[in-house]
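Please keep the sequence and the 3D view open while reading.

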Amino acid sequence: MTTFAGKLLRIDLSNSTYRVEHIPDLCYGRFISARGLGAKYLYDELKASADPLGPENRLIMSIGVLGGTGLQGFSKWAVITKSPLTGTIFRSITGGNFGVWMKHAGYDLIIIQGKARMPSYVHIDKDTVHFQGAEDLLGLDYRWVQIKLKEKHGPHTESACIGPAGEKLVRYAVIHSGERTASRGGMGTVMGSKNLKAISINVPIRKPSPFDEVRFKNLVKKQINILKEHPRRKNMTTLGTPYITTVVDGLGILPVRNFQEGSIQAIDEMSGNEFYKLKKAKAGCYQCMTRCGGMREVTRGPLSGMQIDGPEYESIFAFGPLLGLTDKQFVINANALCDYYGIDTISTGVCIAYACELFEKGIISTSDTDGLDLSWGNEKSIFSLIQKIGKREGVGYLLGQGVKRAAEHMGGETNSFAMHIKGLELPGYDPRGVKGYALSMATSNIGGSHMYGRPREELSGMVDSFTEEGKGASIAQVQKEQALEDSLIACTFGNTGLDLQMYFELLTAATGIEEFESPDNLVKIGERIVCTERCFNVREGFRRKDDSLPKRMISEPLMNAGPSTGQVVKNLDKLLDEYYKALGYTGEGIPTAEKLKDLGIEELAKKII
Ligand code: SF4
């Protein structure tokens with residue numbers, strides 16, 4: 001007995017075939033599951049320079065070994081692929097029930113390859129895999145797709161699907177499951193490129209059986225007791241991530257008007273308490289007592305009159321201060337509009353902020369924007385622009401390519417205003433005020449993500465966030481730990497009170513796998529995963545020059561930013577040197593043969609050294 005299925009389902013859309021493959025126990029011992037297993041399979045199966053939107057790209061969906069076991073906050077699932085936005089390996093993690101339904105169906109991974117000749121969806125039942133035409137689903141948003149699939153296959157059906165923007169290949173389209181999204185990096189774009197509108201599952205519930213049932217049950221009880229009384233859990237349950245808004249503003253790292261400033265007046269209008277007043281009902285992921293989400297009413301657009309689960313902090317920053325706004329109902333409406341089309345709120349907000357700054361500086365005018373006045377805070381124009389991006393029409397076509405490609409197209413000085421790293425639009429933390437974040441985002445193997453390694457000690461004030469020296473080793477460490485958590489999958493917001501020892505005990509009790517060895521070895525597994533991702537990117541040609549920051553971060557001191565006013569990243573090269581040294585990489589950011597050997601992945605050396 002064990003909590004993992006030991007099997008993957010491979011779906012080839014080009015010829016409508018599937019097969020079930022065994023996953024060796026050793027793979028779990030070396031990569032755990034989810035992000036880790038996904039990285040291993042993607043590295044092994046994808047050739048260098050493969051087109052992310054070509055049939056050869058793999059779309060890997062994966063649930064963690066602890067998912068669906070009754071453990072709280074461990075039932076999210078991951079999507080791993082080569083990103084059409086960054087050209088790097090990518091992982092995006094989401095909630096919704098689809099991941100656990102994969103496990104009920106008996107799979108830890110689903111690997112989708114090829115391209116369907118016609119728009120299609122795939123349905124999995126207890127007997128077989130069905131390849132179906134999706135004509136009647138085309139153009140529908142996530143809610144209607146999920147409703148229709150339940151009508152066709154039964155109310156117990158759970159699905160992962162894309163919206164209209166994924167069909168049209170907007171480069172930052174999302175995958176929806178329930179109300180949650182695999183938001184970043186264009187996971188939905190890859191799905192759209194395969195002519196795959198949805199994948200649905202309706203199978204009997206099959207509860208995972210832990211290797212050591214009694215011990216595992218006791219550990220779950222222990223976790224629930226920790227969560228019950230923990231103040232962080234209580235805060236997340238009540239306020240959710242919107243509580244972060246005023247904290248980030250207080251630190252002076254809240255991106256305002258396209259990262260020109262770090263704080264905004266009237267931020268109290270967007271506090272966690274203000275969003276709490278608009279909360280109509282609790283919301284959250286499968287088997288999670290934190291339930292950090294919240295349903296709020298939409299008052300404008302195609303979902304008007306309905307409720308959405310949101311907004312999260314990242315959507316608040318993206319449709320609030322980043323665009324010069326502090327209107328919380330506008331944030332909810334803009335978030336709902338992005339959900340309707342199926343596009344990432346962060347990338348959408350950053351692309352619009354880029355256009356607004358070009359407009360402010362007179363580089364573009366209404367003749368370039370289909371007549372839209374893109375002055376900061378013009379809600380009407382921003383709303384229209386989201387629609388244009390979602391439909392991929394007019395100026396929205398260019399912005400739907402992502403800010404990096406938009407700036408390359410515009411040329412000249414416009415690149416200075418494009419806030420991205422490796423093509424991924426920056427999240428809601430200005431890296432100039434937290435130097436560890438600057439390094440973590442610069443070196444992230446998926447581009448400008450806030451979830452590749454959070455410098456928790458700097459954000460909480462335990463370590464000076466303005467100092468650059470000495471950050472290399474600490475960021476290397478948090479990136480390893482994040483890789484571990486993404487491979488379990490332990491939700492960043494729901495893993496309150498857990499430590500390495502607890503992860504180790506849970507893993508061994510659940511799986512019986514001996515290769516996990518010790519709590520410290522789990523961190524080494526995290527390092528193996530980060531290193532595998534780095535090798536993937538090195539094979540694609542990524543080097544030190546790509547571990548960079550937008551020009552603004554290294555040349556313009558942060559303005560109007562409270563305690564962070566005047567901050568800038570002074571010496572990224574030194575930070576990189578420290579980081580590479582801590583991880584055993586060369587000065588070019590390439591893992592050495594010795595490091596690969598130490599991590600037990602020496603076979604990767606043949607392809608990158
Ligand atoms: S804490 Fe929030 S995001 Fe995390 S699993 Fe629970 S409901 Fe989902």
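Predicted model: local features only at pLDDT ≥ 70, side-chain atom pairs only at ≥ 80, totals over all residues.

Two strands pair if DSSP finds at least two bridges between them. Strand β1 covers residues 7-12 and strand β2 covers residues 17-22; the two run antiparallel and are joined by six bridges. Within this pairing, K7 has H22 of β2 as its bridge partner, and R10 stands opposite R19 in β2. Four residues lie between the strands of this hairpin, where S16 takes a positive phi near 50°.

How many of the six residues of β1 are buried? Five of them are, and the strand is thus described as mostly covered. As a general point, side chains in a regular strand alternate between the two faces of the sheet.

The next topic is charged side chains. Side chains of opposite charge can pair when their charged atoms come close. The structure holds 42 salt bridges, and a few of them are followed here.

One of these joins D44 and K40, with 2.6 Å from N to O. Both residues belong to helix α2, residues 34-45, and because they are four residues apart there, about one helical turn separates them. D44 counts as partly exposed because its relative accessibility is 43%.

The closest N and O atoms of E408 and K404 are 3.4 Å apart. Are these two residues buried, partly exposed or exposed? E408 has a relative accessible area of 53% and is therefore exposed, since exposed means over 50%. K404, at 28% relative accessibility, counts as partly exposed.

R552 and E556 also meet through their side chains in a salt bridge, at 2.9 Å from N to O. R552 counts as buried because its relative accessibility is 2%, whereas E556 is partly exposed, with a relative accessible area of 31%. Elsewhere, salt bridges that share partners join R10, R19, E21, E45 and R58 into one network.

Aromatic rings come next. A pair of aromatic rings is described by the distance of the centres and the angle of the planes. The count comes to 11 aromatic pairs, and Y313, F317, Y429 and Y437 form one aromatic cluster. Rings also have arginine side chains over them: R300 lies over the face of F383, at 4.0 Å from the ring centre, and R539 lies over the face of Y43, also at 4.0 Å from the ring centre.

Which residues surround the ligand? They are G73, K76, R180, G284, C285, C288, T290, R291, C292, C491, F493 and G494. By class, this shell has five nonpolar, four polar and three charged residues.

Key. Residues numbered from 1 in each chain as written. Heavy atoms only, no water. Near = heavy atom within 4 Å. Nonpolar A, V, L, I, M, F, W, Y, C, P; charged D, E, K, R; others polar. Buried < 20%, exposed > 50% of the residue type's maximum accessible area, 1.4 Å probe, protein only. Phe/Tyr/Trp six-rings, centres within 6.5 Å; stacked < 30°, edge-to-face > 60°. Lys NZ or Arg CZ within 6 Å of the ring centre and 35° of its normal. Salt bridge = Lys/Arg side-chain N within 4 Å of Asp/Glu carboxyl O.
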